[in-house]
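Please look over the sequence and the 3D view before reading on.

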Amino acid sequence: VQLQASGGGLVQAGGSLRLSCTASGLTFSSYSMGWFRQAPGKEREFVAGISRSGGTPYYPDSVKGRFTVSKDNALYLQMNSLKPEDTAVYYCAADQDSVYAPRRKSDYEYWGRGTQVTVSS
């Protein structure tokens with residue numbers, strides 16, 4: 001299984017970006033999926049999850065109402081109203097064991113290479 005995140009870039013505060021995660025060796029309907037991010041000097045943190053069926057998306061309070069996760073033949077993260085504190089490397093991850101996407105990074109079996117998101121003030 002290989003995952004690849006893309007779509008990052010430099011955007012001004014208040015702007016939007018859409019991240020994508022493509023996969024080889026994996027069927028998205030068989031995995032719950034998560035998005036995580038890691039800023040310099042900080043722990044990798046959960047920012048969005050979506051269940052195996054594609055329903056029940058959920059988010060931490062820090063991004064709720066601004067980020068939207070979805071999946072079909074790829075995984076997406078629509079990020080609106082971006083803030084400088086959203087600056088980080090964003091990663092997608094896949095978990096085969098859970099119906100609903102876990103929040104703990106240790107529960108995920110597969111990780112993609114990250115994509116950098118930089119939000120300028």
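The notes below go from the whole chain to single residues.

The model is predicted. Its chain has 10 strands and 0 helices. Of its 121 residues, 44% count as buried. A search of the whole structure finds 6 salt bridges, and one network of such bridges links Arg37, Glu45, Arg66 and Asp86.

**Overall form**

- Read from the N terminus, the elements of the chain run β-β-β-β-β-β-β-β-β-β.
- The C-alpha trace spans about 40 × 25 × 25 Å along its principal axes.
- A compact globule with 121 residues would have a radius of gyration near 14 Å, and the 13 Å of this chain agrees with that.
- Take the contacts between residues at least 6 apart in sequence: 59% of them join residues at least 24 apart.

**Surface and charge**

- The chain carries 13 positive and 10 negative charges.

**Salt bridges around Arg37**

- Arg37 meets Glu45 in a salt bridge between their side chains, at 2.6 Å from N to O.
- Arg37 is buried, because its relative accessible area is 6% and the cut-off for buried is under 20%.
- Glu45 has a relative accessible area of 35% and is therefore partly exposed.
- A salt bridge also joins the side chains of Arg37 and Asp86, at 2.8 Å from N to O.
- Arg37 lies in strand β4 (residues 32-38), while Asp86 lies in the loop between β7 (75-79) and β8 (88-95), so this pair ties together parts that are 49 residues apart in sequence.
- Asp86 has 0% relative accessibility and so counts as buried.
- Arg66 belongs to the network too, together with Arg37, Glu45 and Asp86.

**Another salt bridge**

- The side chains of Lys64 and Asp61 form a salt bridge, with N and O 3.3 Å apart.
- Asp61 is exposed, because its relative accessible area is 66% and the cut-off for exposed is over 50%.

**The loop between β5 and β6**

- Ser51 is placed in the loop between β5 and β6.
- With a relative accessibility of 1%, Ser51 counts as buried.
- Leaving out residues up to four places away in sequence, Ser51 touches Tyr31, Ser32, Thr56, Lys71, Val99, Tyr100 and Ala101.
- Thr56, one of the residues that Ser51 touches, lies in the loop between β5 (45-50) and β6 (67-71).
- Phi of Thr56 is near 50°, which is a positive value in a residue other than glycine.
- Thr56 counts as partly exposed, at 45% relative accessibility.

- Gly14 sits in the loop between β2 (9-12) and β3 (17-24).
- Gly14 counts as exposed, because its relative accessibility is 53% and exposed residues are those over 50%.
- Not counting residues up to four places away in sequence, Gly14 touches Ser81 and Leu82.
- Gly14 and Met79 are 65 residues apart in sequence, yet their C-alpha atoms are 9.9 Å apart in space.
- Ser81, which Gly14 touches, lies in the loop between β7 and β8.
- Ser81 is a residue other than glycine with a positive phi, near 50°.
- At 41% relative accessibility, Ser81 counts as partly exposed.

Key: Residues are numbered from 1 along each chain as its sequence is written. This is a predicted model: local features need pLDDT of at least 70, side-chain atom pairs count only at pLDDT 80 or more; totals for chains, interfaces and linings use all residues. Side-chain values use heavy atoms; hydrogens and water are left out. Helices (H or I, at least four residues) and strands (E, at least two) are DSSP runs, numbered from the N terminus. The radius of gyration is taken over C-alpha atoms; the globule rule is 2.2 Å times the number of residues to the power 0.38. Buried means under 20% relative accessible area, exposed over 50%, partly exposed in between (1.4 Å probe, protein chains only). Contact means heavy atoms within 4.5 Å. Lys and Arg count as positive and Asp and Glu as negative; His and the chain ends are not counted. The place of a charge is taken as NZ of Lys, CZ of Arg, CG of Asp or CD of Glu. A salt bridge is a side-chain nitrogen of Lys or Arg within 4 Å of a carboxyl oxygen of Asp or Glu.
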